[in-house]
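Let's take a tour of this structure together. Have a look at the picture first, and then we'll go through it topic by topic.

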There are 2 protein chains.
Amino acid sequence: MIHIAVLGFGVVGGGVVEVMEENASRIARSAAEEISVKYILDVRDFPENPWAALMVQDFSVIENDPDVRIVVETIGGAGVAYDFTKRALLHGKSVVTSNKELVATRGLELIRIAKERNVNYLFEASVGGGIPIIRPITQCLAANEIDEVYGILNGTTNYILTRMIACGVSFDEALKQAQEKGYAEKDPSADLEGLDACRKICILSDLCFGREVDVENVKTEGIAGVKAGDVESAKRLGYKIKLLGRGLRTGKDTVTAYVAPHLIPVGSLLSNVDGVMNGIVVHGNAIGEAMFYGAGAGKRPTASAVVADVIDAAKHFKARKYLDWDEASPGSFTDSDEVVSRWYVRAEGKDACLTEPMSKYEVMELTGGQVPLSLFRVLE
Amino acid sequence: MIHIAVLGFGVVGGGVVEVMEENASRIARSAAEEISVKYILDVRDFPENPWAALMVQDFSVIENDPDVRIVVETIGGAGVAYDFTKRALLHGKSVVTSNKELVATRGLELIRIAKERNVNYLFEASVGGGIPIIRPITQCLAANEIDEVYGILNGTTNYILTRMIACGVSFDEALKQAQEKGYAEKDPSADLEGLDACRKICILSDLCFGREVDVENVKTEGIAGVKAGDVESAKRLGYKIKLLGRGLRTGKDTVTAYVAPHLIPVGSLLSNVDGVMNGIVVHGNAIGEAMFYGAGAGKRPTASAVVADVIDAAKHFKARKYLDWDEASPGSFTDSDEVVSRWYVRAEGKDACLTEPMSKYEVMELTGGQVPLSLFRVLE
């Protein structure tokens, strides 16, 4: 019997406990041993819940219980989650998380601590929710030099854009619908401004290119600037507008990453990733192109990925997993505005136009004194 | 330094040697040790090739060399490939393969031998070419009860159907084009008749449902019966015709699998998997739906998957991987004709129609004395 502790009893933490119980026999078969939740840590009280007996509020109980070999961190943020993760690793426990902010900002440090203590820090659920993506990149594509990774990484913004495209509603109306359906939070700014996608593309870039991409360097543009007129123009030109996170090699030892709305050709597979779904494309020098699709968020899909990591950790108490990358070196990050592509430009009194391949600086020079209303990259 | 041997110097074997050399430093970084090809076995002579010094024709050289820890089998078929695989495993070497026929027909036995000898038998490349699918199913979805798996598993037939749909050409003309482009073999019957897809859906079903699905039980219908008139009718009704392999649970302890052309709604992601590309959909009770897309065949994509398995084997000399399933039990396989779905029926003198959900037997009764020209399932 392997004992685990779940930190944070919110949507994801609750989903983990639920899936662990519901699929217990399947999980035991996969792990070749029963896995049981010994503690659930949350500062709040949940007197009515069926797992009330497992609830604790003091992390040191978990930290000092040698029975607990694996800690699941679903608290979120880089505050107390960072503190608890570090302490768990230092006490020789493997940690599994869905916390993209923590992995994107402190991942390198936490992975090193895990390495020193010969335990695992696993985070399949931090990108793409339930979609298998971290393990496929690090294991299945381990024979490839990966030159590009991009995708629809945020379900909230994809739902809003999908509504705007399919129903011709305005951004504000689409946002209201997303909030009514529970797809957008009351304060949806981290999604809308692209911050969520930014953290995810940083993690993907770290793993694909083997070198730390600093969240601070990643230019991040959300979807607030996408107007109904752009959606219309894009359709007329044979494109859909999608918010993409994109990371790519720009030279032998240089990479870039950014988040921005893109025009994607109608008929391409990614343009058909609609609603709250996510899709991630990886280019490698042996495999060519591969795409991974599924629910990028939600209680049970995210729990699916977290519990898979728990099983993996349980099978690898003595072996370290593949996840790792190097520190950034000076000059290893290219400003994404220098990356050449075709652009969609819509300016006051002018129709939208698709310019020749050029950098963002050149396009801005091209549009001259006239401030463009919209300026988006076109994905070929 | 880890030494490997490659059996069979055809398209895939050649690709493996090529990728091993080209991406040597990336592979060494992934495996945490250099990996080197010590032998290439083929009955043919290749005097001009740069690896001539590595060529051997006698398997016992490889079998008896304790330096060789991993054997890559890319011979194909279930004859000599079976013999060599078994001998390699019995000599304590891990075996990696792209051989779907051998895995589908002898996989259970070979996995058991591998288990006894505490080595690995890995076959990521046997389904979906380069697409990561075996590892995602067995590891990333390990917390799910999987109830269905289906997909476009054969690039040759998908290319032919795509040409028929996009250009309105006949089956014969599309086949000619596929052969000219090298997408179809001179004798394309294993592809056209669905045998290739059958082997793949058997492997996927074995892994998803944990129980052996016998190739002999799987009703397999190819694409020769798809007429230009069906393609037209389907389009008019809002569908595309695609050849699918499909495995599903039919009860608590029963499963089925089959291969047949299906009508798929235009606009669904799978309907946009065109040309020689493959797409595989998995349904789990936690993740919901996930899809995996990429090149299902070809020298380098397939080599990408094979070499990933070599790296994995190299990192797990002392640990066994997850791949395993049980023997079939009497009555555990349901005849796929009993599986209820909507059907497309086109009969002499009658238009195509989409009937209500029913089993194949009921539809055939429904059409009465009139022999239907075409009878395909409709995927909802």
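In strand β3(B), which residue is the bridge partner of B:L41? That partner is B:V56.

This is a predicted model, where local features need pLDDT of at least 70 and side-chain atom pairs count only at pLDDT 80 or more, while totals for chains, interfaces and linings use all residues. Residues are numbered from 1 along each chain as its sequence is written, chains are lettered from A and ligands numbered from 1 in the order in which they are written, and side-chain values use heavy atoms, leaving out hydrogens and water.

**The sheets**

- Chain A has an open sheet of 6 strands with parallel pairing, in the order β3-β2-β1-β4-β5-β6. (Two strands pair if DSSP finds at least two bridges between them; strands are DSSP runs of E with at least two residues, helices are runs of H or I with at least four, and both are numbered from the N terminus.)
- β3 (55-56) and β6 (121-122) of chain A sit at the edges with a single partner strand each, so one side of each has no neighbour in the sheet.
- Strand β1 (residues 2-7) of chain A runs parallel to strand β2 (residues 35-41) of chain A, and 6 bridges join them. A:I4, for instance, has A:V37 in β2(A) as its bridge partner.
- Over in chain B, 6 strands make an open sheet in the order β3-β2-β1-β4-β5-β6, again with parallel pairing.
- The edges of that sheet are β3 (55-56) and β6 (121-122) of chain B; each has a single partner strand, so one side of each is left without a neighbour in the sheet.
- Strand β2 (residues 35-41) of chain B and β3(B) run parallel and are joined by 2 bridges.

**Helices α2 and α12 in chain B**

- Helix α2 (residues 24-31) of chain B packs against helix α12 (residues 299-315) of chain B at an angle of about 35°, with the axes 9 Å apart. (Axes are lines fitted to C-alpha atoms, for helices over the stretch in contact, and angles run from 0 to 180 degrees between N-to-C directions.)
- On the α2(B) side, B:I27, B:S30 and B:A31 meet B:V307, B:I311 and B:K315 in α12(B). (Contact means heavy atoms within 4.5 Å.)

**Helices α4 and α5 in chain B**

- The axes of helix α4 (residues 80-90) of chain B and helix α5 (residues 100-116) of chain B come within 10 Å and cross at roughly 15°.
- α4(B) and α5(B) are therefore roughly parallel to each other. (Angles under 35 degrees count as roughly parallel, over 145 as roughly antiparallel, 65 to 115 as roughly perpendicular and the rest as oblique.)
- Among the α4(B) residues in this contact are B:Y82 and B:L89, and α5(B) brings residues including B:L110 and B:I113.

**How the two chains relate**
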